[in-house]
Amino acid sequence: MLNEPIYAPVVLISNTTPMTVAAYGGRAKCAQRLIRLDMPVPTTVALAFTVVHDIATGGSIDLSSVLQHFEEHPLISVRPSSASPDWGGPGAILNIGMNDKKFSVLSKKIGEVAAATLYLRFVNSYATHVARLDPDAFEDLEKPLVADVKAALVTYEEEADEPFPQDVDVQLAHVLRSMARAWEGTSARLLRQSKGAPADAGLGLVVQEMAIGVGNGECGSGVIQFASSETGLPEIHGRYLRQSQGREALDRQGGSLYLTSDPRGASLEDTCPEVFAQLLAHSVLARQRLREEMQIEFTIENGELTILDAVRIQRSSRAAVRVAVALADDKVISREEALMRVEPKALSELLHRQVAPNALRKIMSKGIPASPGAATGKIVFTASDAQACAARDEAAVLVRRETGPEDIRGMHAAVAVVTERGGVTSHAAVIGRGLGLPCVVGASDMSIDAQGAVIIGRGQQILREGDIITIDGTSGEILVGHVETVEAGLDSSVKTLLGWADDVRDIGIRANADTPRDAQTAKNFMADGIGLCRSEHMFFEADRLTVMREMIFAETVEDRAASLERLLPMQKADFTELFQIMEGRPVCIRLLDPPLHEFLPADRSGLRDLAEALSLPLSKVTERVGQLSEYNPMLGLRGVRLGITVPEIYDMQARAIFEAAIDSGVDAAPEIMIPLVSACREVELVKSRLDATAAAVRMERGQDFNYSLGVMVETPRAALRAGEIAAHSQFLSFGTNDLTQMTYGLSRDDAGRFMSSYVQQAVYEEDPFHRLDTDGVGELLILGAQRGRVARPGIVLSICGEHGGDPEAISFVRRCGFTYVSCSPFRVPVARLAAAQCAIADILNS
């Protein structure tokens, strides 16, 4: 671009030096800000990204452009300066310029031991990080003498086949080249890319006059911060170590002083009250003017304070929220900026217990992190065993090859779930997220022998039923034994932040809630309503499952009606409680969706129990189950197809919903959703029966009520024919789980077996069940929304798949003008924050 500024390759940092983070990196820009605040910062020179890249690729630099800003025989350091401190970089090199002559001068000025310390540290650092010699050949000594320095120089010459360089120009040139090449190495690039850096992220270098930190009088180095990295609370943390340099106070065990007055020992506050007061003043100023909680790196030389650097404090998720809210409360930043500073995933971590950051991990297997959180328990292989453990108040981890509807009660009883197969939208993953249960799926590097009650993990590790494991659903790791965890907690700062988010966001956030317990969780997390209640999950309780099976086995319409009559009060009770919990907020109930075979047992033992419960011969039960089996049940007799061929089921559910709306005592206006629609005529047929049922209930009860009817758009054809369907629907809710499955022709339960290979080879940018495919599936959403709006301009649009809680998906559907998203209850806070950030980003970019 013609007007794009050109930055000098090497600059002396001053108040007025033209510089940006994008050109010189964050450390260089921060040094300028500290200088502008009149802090005692030593002479500092910055090298731009462009010149560092040139050095890495074999180019050279005019070292006089750097050294001209320092005294004739300088003592300097070089530190990395990337655009983000999270991206890492090569370690700092201190004491460049130490040589025999400088050693002689400093020995007279600060003493032989102090001078020897500086020289030996530089020789060791240069040998290890610049010359790449064996670190074991060089030894760090606490109080070195002249003889120790001479020995190190001899060792260097023997190892490098050349004498240690005495010219500062040579030393600096080699240091700059080493650090530049280290940044551009393959391992370093992959590491920073894993932390979010672009592949071509640049590195700047900062050359700074040394503040020695060793010698006569009070000398040392340290770091100080005024908020806890763990909690974010206003507390003084850090360390100060006498006769030290750089960040040595953090690295060396023992010997450091307390920062504040402490009865247990000497402190910086007591020893150097003036210096401590200066640090306090600098911290307050930095917080106010840099608009951040900073960790200040400082050196004291003969009682004089020097500020070397300041970086954002490292922070846990809890601390990130607290710091952002505190800065906004103190009017240092705006509420909108506070919202933008917190990663949505940080809230997810706060909602669940997590493995402690420094916990020892012995990994048995690694799979797909399907539901965050951590839990420890004994291995069980069946749902019934998980329930038995819960009855004995024992924590159990349910380990299955894959889960199905018959495992739901066991999942409720377990503290975590692991499956060998499956992906992020598999049965275990969806139910786990809904329950807030740590879950790892697709752990394909382990094998399960349920008959032998053993798991074989990495390195042929064998674990048996009853052994203790810990599940980290956040990272996808399955760990051996008890592992230290930290408690979850939504404190007042989180609630404050989310309150601000609700003031800003312009898209609704509902929850997928199948039971009253789920609804209460959704309400606690301030969901705007329920966007998806999968009514079939209410049938899997033991007392209901038997009646449901009786209905399935009924041979006449009358027998089926009798079974449904028994199910009616059960469904009505659930819906009544659901409406009462939500207190007038919208509740969208999906009519029965899965094929009937899912309610039937699959093994011989289950069939025998069913035959006994129904008083039928085992042969007849087996025959009937066989009749209901399908080659591809997920594309067979399910959803609206079931409602049309066995209409009594939807009639019963509709009556239960309508009567519950009347009996709930709240202003309930239920939304009824028809699943798996692909043709307009399907909607017409179901709508006519629902309207008839509604009229009958109004007549019988003598009370009026309102309800709305909509369609769950899960098939590509429904999206393409949305205009016709919308003529009979008040809302369209796109079920992106099945829509993705059908668009790609992928089984969401089996895709995990090869998906990582596809992503690694760039066939797909990301697992489409994990991140919404905005190009393919997204185009169907856009077409469906546009055609639906043409037929019914005021139609309500939403997504209710697992993508509903993903910030990128929220951003996409918001741009498409959708009304709301619906996600698992435990993802509601994440979605609220993400929606607010989308709205703020639009304002900032407008």
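This is a predicted model: local features need pLDDT of at least 70, side-chain atom pairs count only at pLDDT 80 or more; totals for chains, interfaces and linings use all residues.

Visitor: Okay, what kind of pair do Phe525 and Phe826 make?

Guide: An edge-to-face one, because the ring centres are 5.5 Å apart and the planes sit at 70 degrees. For edge-to-face, the angle has to be over 60.

Visitor: And where in the chain are those two?

Guide: In distant parts, 301 residues apart. Phe525 is in the loop between helix H20 (516–524) and strand E24 (530–534), while Phe826 is in the loop between E30 and H34.

Visitor: Are Phe525 and Phe826 buried or exposed?

Guide: Both Phe525 and Phe826 are buried.

Visitor: Which rings form a cluster?

Guide: Phe103, Tyr119, Phe122, Tyr126, Tyr156 and Phe164 are linked into one by ring pairs.

Visitor: Back to that loop between E30 and H34. Where is Ser824?

Guide: Ser824 is in that loop too, with strand E30 covering 820–823 and helix H34 covering 828–845.

Visitor: Why does Ser824 count as buried?

Guide: Because its relative accessibility is 1%, and buried means under 20%.

Visitor: What does Ser824 touch?

Guide: Leaving out residues up to four places away in sequence, Ser824 touches Arg433, Gly434, Asn512 and Glu802.

Visitor: Which way does E13 pair with E20, parallel or antiparallel?

Guide: Antiparallel, over five bridges, with E20 spanning residues 468–472. One of the links is between Lys378 and its bridge partner Ile468 in E20.

Visitor: And how many bridges join E13 to E14?

Guide: Three, and E13 and E14 (residues 396–400) run parallel. Lys378 shows up here as well, with Ala396 as its bridge partner in E14.

Visitor: How does the chain cross from E13 to E14?

Guide: Through helix H16 (residues 383–391), making a right-handed β-α-β crossover.

Visitor: Last one, helix H8. What span should its 17 residues have?

Guide: At 1.5 Å a residue, H8 (residues 168–184) should span 24 Å, and its end C-alpha atoms are 24 Å apart, which agrees.

Visitor: Which residues of H8 are buried?

Guide: Quite a list! Among them are Val168, Leu172, Val175, Leu176, Met179 and Trp183.

Visitor: And what does Asp167 do at the start of H8?

Guide: A side-chain oxygen of Asp167 comes within 2.9 Å of the backbone nitrogen of Asp169.

Notes
Residues are numbered from 1 along each chain as its sequence is written. Side-chain values use heavy atoms; hydrogens and water are left out. Two strands pair if DSSP finds at least two bridges between them. Helices (H or I, at least four residues) and strands (E, at least two) are DSSP runs, numbered from the N terminus. A crossover is right-handed if, with the strands pointing away from the viewer, the path from the first strand over the helix to the second runs clockwise. Buried means under 20% relative accessible area, exposed over 50%, partly exposed in between (1.4 Å probe, protein chains only). Contact means heavy atoms within 4.5 Å. The expected span of a helix is 1.5 Å times one less than its number of residues. A polar contact is a pair of N or O atoms within 3.5 Å; within protein, one must be able to donate a hydrogen and the other to accept it, and residues adjacent in sequence count only if both atoms are side-chain atoms. Rings of Phe, Tyr and Trp (its six-membered ring) pair if their centres lie within 6.5 Å; planes under 30 degrees apart count as stacked, over 60 as edge-to-face and the rest as tilted.
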